[in-house]
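Let's take a friendly look at how charged and aromatic side chains pair up here. Have the sequence and the 3D view ready as you read.

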Amino acid sequence: MLPLLAAALLISALAVLTRALHLDGFMDTCDALPGGFSRARRLQILRDPHVGAFAVVGVACLLLIKVTAVAALPRAVRPGVLLLFPCLSRWAMLLAMEIFPYVRERGAGTPFAGARGRGALIGGSAAAVVAGLAVAGWWSLALLALAGAAAAAVGMTARRLLGGMTGDIYGAVNEIAEVAVLVAAVAVTAGGAGAMRSPLAGWFEGGG
């Protein structure tokens, strides 16, 4: 029971620290992409401050998976994964910004889309690789690839249904990449924490 409570508190703290910005984008995306029947209607739903059934069900499932995944992580690797999964999900957003067009002239994602570029992606990629190897060993490269695949899947869906990305879709990329990395980390360590040994593992164990 204690690991589950701790996981719920950690995921709640992450939502508070980010002001639920990415969760809000994920919820709007859940309402818009399956709920609209035209590009114009989907873009309108993304602007709508009201919450629909798709958003409620989507965010409930998302948070449930996050909490149970964190609780299921072996204690020895949990600190490293908790440091890593937000890093990889933010890198996934950088990747989506570089690959897919931004469809709005003005919106919450406009400053980020305007600042995108190869330099930002290269720098973010280098930081993600170094952080991953430091806290999760070679398996972090597979987690990085998975976060990239999540970004590509969301981006391709948004391009097909909307013509490209919006700020809300960036938030959805972040949330889906986070879940993908957490679930994959649980699968990798199901046989024991040794699968994700890292140079910092001894320090984490000593501190725990």
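Which residue forms a salt bridge with Arg-90? The partner is Glu-178, and the closest N and O atoms of the two are 2.7 Å apart. Please keep in mind that this is a predicted model.

Arg-90 counts as partly exposed because its relative accessibility is 25%, and the cut-off for buried is under 20%. Glu-178 has a relative accessible area of 1%, so this residue is buried.

## Lys-66 and its two partners

Glu-178 also meets the side chain of Lys-66 in a salt bridge, at 2.5 Å from N to O. Lys-66 is in helix 4 and Glu-178 is in helix 9, so this pair connects parts that lie 112 residues apart in sequence. Both of these residues are buried.

Lys-66 forms a salt bridge with Glu-175 as well, and here the closest N and O atoms are 2.5 Å apart. This is again a link between distant parts of the chain: Glu-175 is in helix 9 (residues 167–188), Lys-66 is in helix 4 (residues 53–72), and 109 residues separate them. Glu-175 counts as buried because its relative accessibility is 4%. Lys-66, with a relative accessible area of 3%, is buried too.

## The network as a whole

How many salt bridges does a search of the whole structure find? The search gives 3. Lys-66, Arg-90, Glu-175 and Glu-178 are linked in a network of salt bridges.

## An aromatic pair

Now for the rings. The structure holds 1 aromatic pair. Tyr-102 and Tyr-170 form this pair, which is stacked, with 6.0 Å from centre to centre and 25° between the planes. Tyr-102 is in the loop between helix 5 and helix 6 (110–114), whereas Tyr-170 is in helix 9; the pair links distant parts of the chain, 68 residues apart.

Are these two tyrosines, Tyr-102 and Tyr-170, buried or exposed? Both are buried.

Definitions and conventions:
Residues numbered from 1 in each chain as written. Predicted model: local features only at pLDDT ≥ 70, side-chain atom pairs only at ≥ 80, totals over all residues. Heavy atoms only, no water. Salt bridge = Lys/Arg side-chain N within 4 Å of Asp/Glu carboxyl O. Helix = DSSP H or I, 4+ residues; strand = E, 2+ residues; numbered from the N terminus. Buried < 20%, exposed > 50% of the residue type's maximum accessible area, 1.4 Å probe, protein only. Phe/Tyr/Trp six-rings, centres within 6.5 Å; stacked < 30°, edge-to-face > 60°.
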